[in-house]
Structure formats: structure tokens, C-alpha cells
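Hi,

Here is the structure I promised to pass on. Have a look at it first, and my notes on what turned up follow below.

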Amino acid sequence: KTANFLVKNIKKGIDYLLRESNMPTVIFKDKYFRGVKNKGYKWLIVMDRASSDCFKVFDFFLPLMDLSKDFIYGLTLLPRYISFDDIKKQFDEKMKSIGIDEEQTFYQMEYYDVRPSEFVKTFVNKNDEHYFDFVVFYNNPDKYKVLKEDSESIKIVEKVNANICFVNGVYLEMKRIEEEKEKLKEEQQKGEIEES
């Protein structure tokens, strides 16, 4: 909404996106943060199990991935009150269904006590083995509106040295309603065909 690129306006834009964005969002960071590029892109899918929708974000960014050369790294973060990793099976099935080579994927699960954003920041910024081009995560806009500067989402956006991709929960809900309407419409059309 503004022609100048003052830092305060960038913060306002990020605030708006985390609160109101009703579409998948990609924030490209300054090229100087990017380091040496990989052969393909490396995608880190951060799945915080504190949210049941954490794995659904993957599908929204899949069209941006080049499955012939990109690398997909699944990282599930479990709060201590969740003792079972139910994401690994979904991740493995998804990788198999999209037909990506096994050498182009990796999966890891970690527990956290308080701040998943701190783990992600350290994991991405200080990783000697992997250089991540994109970090993908689910954002709960209601939680962000309450916590603002103390939310995990803003900390990932501001402190992680990679391009940031996220989907707001509102968008997932809209998509869910759309799919249900489409399914109902198909069932109605199928019923009309059978009657005639």
C-alpha cells in the first residue's frame, strides 16, 4: 500500500500477512542472507504438532517444487505433551505418491519444550550440513493476533535466514469448505445422471 520501503512498513506488511492473508504466502529474504545456492532448492517443511493442520501446508507449495532436482526435508516438532509422531507415515506416503527419488528427501523428528522457533532458527541458520532455500510452516492467525511479537510465526519470519513460505489457518478452512462444496456438487450431478 506504500511506495517506500521503510523498515516500519515492511514490519506492517508482515504483520498484515500473518494476521489476514487468505492465500499461501512466500516472503523472499534479502539475497545477502541466501548463501551459496544448492543444485536444486532445499525445502524445509516445519511441522509443529501443536497444530493438527501442520502437514497440510505441504500441498500448497508442492507446485513450486521441481521434483527432478529439489530436496525436501521434513522436520516434525513435537511438544512434550505429544508422545507419538503421526506425521512420519504421512510424510513417507506423500513422498512416495509424488514420485520423488528417495535420495531427495529426509525426515527428522525433534521434541521441544518451549520455543519451536528457537529450534528452527538454530537448525536453519547454523546448519553445517544443509543449506535451506525455503522454510515452509503453518501459521495460526488467531494465535498470532493474540501473541503478536511474541508469536512463534513472527520469530521464524524475522530470524530464519531463508525464504519463508506459510499458509494461514483461515485459508485452510476456506479451502476445506470449497472442497466440501465441490464434492457435494459432484454428488448432486451424479445423482441427477442416475435418475435420468
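**What I found**

Aspartate 150 comes out at 41% relative accessibility, so it counts as partly exposed. Keep in mind that this is a predicted model.

Aspartate 150 sits in the loop between α5 (141-147) and α6 (152-159), while arginine 115 sits in the loop between β4 (105-112) and α4 (116-125), so the pair ties together parts that are 35 residues apart in sequence. Arginine 115 is partly exposed too, with a relative accessibility of 27%.

Salt bridges that share partners also link Asp15, Arg19, Glu20 and Lys145 into one network. How many salt bridges does the structure hold? There are 13.

Another one to look at joins aspartate 59 and lysine 94, whose closest N and O atoms are 2.7 Å apart. Here the partners come from two helices: aspartate 59 is in α2 (residues 57-61) and lysine 94 is in α3 (residues 87-98), so this bridge ties together parts 35 residues apart in sequence. Aspartate 59 has 41% relative accessibility, which makes it partly exposed.

Then there is a pair within one helix. Aspartate 92 and lysine 88 form a salt bridge through their side chains (2.8 Å, N to O). They are 4 residues apart in helix α3, so about one helical turn separates them. Both ends are partly exposed: aspartate 92 has a relative accessibility of 36%, and lysine 88 has 38%.

Glu178, Glu179, Glu180, Glu182, Glu186 and Glu187 form a negative surface patch. One of these, glutamate 187, belongs to helix α7 (residues 169-195).

Now for the whole chain. You'll find 7 helices and 6 strands, and along the sequence they run α-β-β-α-β-α-β-α-β-α-α-β-α. Of the 196 residues, 42% are buried. The accessible surface is about 12,200 Å², and carbon and sulfur atoms account for 53% of that. As for contacts between residues at least 6 apart in sequence, 84% join residues at least 24 apart.

Cheers

Definitions and conventions
Residues are numbered from 1 along each chain as its sequence is written. This is a predicted model: local features need pLDDT of at least 70, side-chain atom pairs count only at pLDDT 80 or more; totals for chains, interfaces and linings use all residues. Side-chain values use heavy atoms; hydrogens and water are left out. Patches are made of residues with over 30% relative accessible area and no salt bridge: like charges are joined within 9 Å, nonpolar side chains (Val, Leu, Ile, Met, Phe, Trp, Tyr) within 5 Å. Accessible areas come from the Shrake-Rupley method with a 1.4 Å probe; for residues, only the protein chains shown count as cover. A salt bridge is a side-chain nitrogen of Lys or Arg within 4 Å of a carboxyl oxygen of Asp or Glu. Lys and Arg count as positive and Asp and Glu as negative; His and the chain ends are not counted. The place of a charge is taken as NZ of Lys, CZ of Arg, CG of Asp or CD of Glu. Buried means under 20% relative accessible area, exposed over 50%, partly exposed in between (1.4 Å probe, protein chains only). Contact means heavy atoms within 4.5 Å.
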